[in-house]
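Please keep the sequence and the structure in view while reading.

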Number of protein chains: 2
Amino acid sequence: MAKLQKSIDKRNALVKATIELVNNNGFHATPMSKIAKMANVSPATIYLYFENKQDLVNQTYIEVKAEYTKYAFETYDESMSVEDGFELIWKRIADFKLKECENAMFLAQCDNTPMIDELSRQQGIKHLQPLLDLWTRGKKEGIIKPLSEYLLYAYAINPLSFLMITQKRGAFQLDKTHLEEAYQSAWSSIKVCK
Amino acid sequence: MAKLQKSIDKRNALVKATIELVNNNGFHATPMSKIAKMANVSPATIYLYFENKQDLVNQTYIEVKAEYTKYAFETYDESMSVEDGFELIWKRIADFKLKECENAMFLAQCDNTPMIDELSRQQGIKHLQPLLDLWTRGKKEGIIKPLSEYLLYAYAINPLSFLMITQKRGAFQLDKTHLEEAYQSAWSSIKVCK
DNA sequence: TGGTAAAAAATGAATGTTCATTCTTTTTTA
DNA sequence: TAAAAAAGAATGAACATTCATTTTTTACCA
C-alpha cells in the first residue's frame, strides 16, 4: 500500500507542529511553511499526507479528539457503579487536560471557532457515548439529576476546559487540592441532592 | 477633535461587521475587504478608525466585553443578599448570552484563541469585579464554598458559554426550563451544602 | 549477497492569488 | 474655500499550492 509506505513519523511530526503553532499563533497566523519547517519537512511534502491546509487541521482535530476520549475511558468499564464510574472518567479527563495540555488547548480552540468543518466536528463527538450511557443509567437509578446530556456536560466536564486555559495563561495553578475541589463542584452540580 | 467628527455610525457598522464575519468564518477567513463591504465602506476607511486589523479586533473585543459586563451588573446593587445577588447576575448573564448571541459567540471565540492581544484580554477581565466581590462576601458569610474565584467562575458562569454555543450549533434548544435547571446546577456547584 | 532499474517519496523553487495597507484623488463638511 | 473624511485603485508582501528534479526505497536478478 502506497499510503503505508510513507513515514508515519513524518505525519506525526506534521500533526504535532500544527497543534503547537495553532495553539500559539492561531490558525490565521500559522502558514504551511512554518508547519513544514517545524516538522523538518519541505512544504511540498505536507501535500503527500494531506489534501490541503483545511484537511490537515480537520484530521489533526479528529485524531486528538480520539486520543482524548480513548484516554478518558481507558480504565472504565460498565460494571462500575455510576458514582465510581463518573469519578473515574472525570479524573481521567482532568488528567488528560493537564498532562496533554497542548492537545487539550487545541481542542478547545477548535470547539470554539469555525476553524473545523462541521463534519469533522460531528465525527469528534461520537466517541463520547460511554459517558452519555453512564448518565442515562445514573438518571434511571435516581443518582443523576434528570437533565439533558448537554446540561450535564456543561456543568460536569466543560469547566475543566476553562480551568485548563486559565492555568495555561498563568493566572493560577491547578494543583491536587484545586482538582479535588473541582471534582466536588462537578459532582454537586449533577447529582441528585439527598 | 478630529476623532469625534468621524461618523460613529460607521465605526459601529465596522465593529458589527467584524463580529458577524469572524463568528461565521473565523479570524483567518475574514479579510478587511469583506468587513468593509459589509459595513458599506471603502477598505481604506477602516484605517481612519483603526490602526490595523489587529487593532480592529482588539477594540471590538474590549467593547463587546464591556457591554457584556455592563448588562450583567446593570440591575445589581451591593445591598442585596448574596443568594439574590448571584441569582440576579447569573440570570442577566444568561439573558445576554441568549439575546446577544452574536456578541457572546464572538467573546467565546476570543477567549479561546490567541486572536486577541494579551493586553486587551486583561482589559476585558477588569470589569468583572462586582461578581468577585459578591463571592468574597458569600465566602465570609459561609454561603459560598471557599474556592478560588477561577473555580467559581468555571462552574457557575462558564458553562453558559458551552450551552450557548451548543444551542447556536442547533444541537438543542435552551428554553426557560433548561435555563432554570442550569441555574440550579450552577448554584449547587458553588453553594455550601447544608 | 550485491547491483541496478523502476517506483515512490521528498524536495526547493516557482506560480498565481489573496490580502493588508497605502497612495492619490474626489467628495463632504464647516 | 479650506480642511476633513472617504473613496477606489495600486502596491508589495505573504501565502497555499504545484511543478520539475533529485533522493531514497523497493524488488528483482545475477
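Contact, on which the idea of an interface residue rests, means heavy atoms within 4.5 Å. The model discussed here is a predicted one. Of the interface residues of chain A, 98% are also interface residues in chain B, so the copies meet through the same surface.

The relation between the chains can be stated geometrically. In general, two copies of a chain are related by a rotation about an axis and a shift along it.

Attention now moves to the second largest pocket, whose volume is about 260 Å³. Helix H2 (8–25), helix H5 (53–73) and helix H7 (101–111) of chain A are the elements that each give two or more residues to its lining. H2(A) gives the most, with 5 residues. Among the lining residues are Asn12(A), Lys16(A), Glu20(A), Glu63(A), Glu67(A) and Glu102(A). By class, the lining has 6 charged, 3 nonpolar and 2 polar residues. Because domain 1 (1–50) and domain 2 (57–190) of chain A both give residues to this lining, the second largest pocket lies between them.

Helix H11 (residues 159–168) of chain A is mostly covered, with 8 of its 10 residues buried. The buried residues of H11(A) run from Pro159(A), Leu160(A), Ser161(A) and Phe162(A) to Leu163(A), Met164(A), Ile165(A) and Thr166(A). Just after H11(A), Gly170(A) adopts a positive phi of about 85°.

Note on methods
Residues numbered from 1 in each chain as written. Chains lettered and ligands numbered in written order. Predicted model: local features only at pLDDT ≥ 70, side-chain atom pairs only at ≥ 80, totals over all residues. Heavy atoms only, no water. Buried < 20%, exposed > 50% of the residue type's maximum accessible area, 1.4 Å probe, protein only. Helix = DSSP H or I, 4+ residues; strand = E, 2+ residues; numbered from the N terminus. 1 Å grid on protein atoms, 1.4 Å probe; cavity = no way out; pocket = protein on both sides within 12 Å on 5 of 7 lines; lining within 4 Å. Points joined across faces, edges and corners; volume = space filled by probe spheres on them. Nonpolar A, V, L, I, M, F, W, Y, C, P; charged D, E, K, R; others polar. Domains from an automatic or database assignment.
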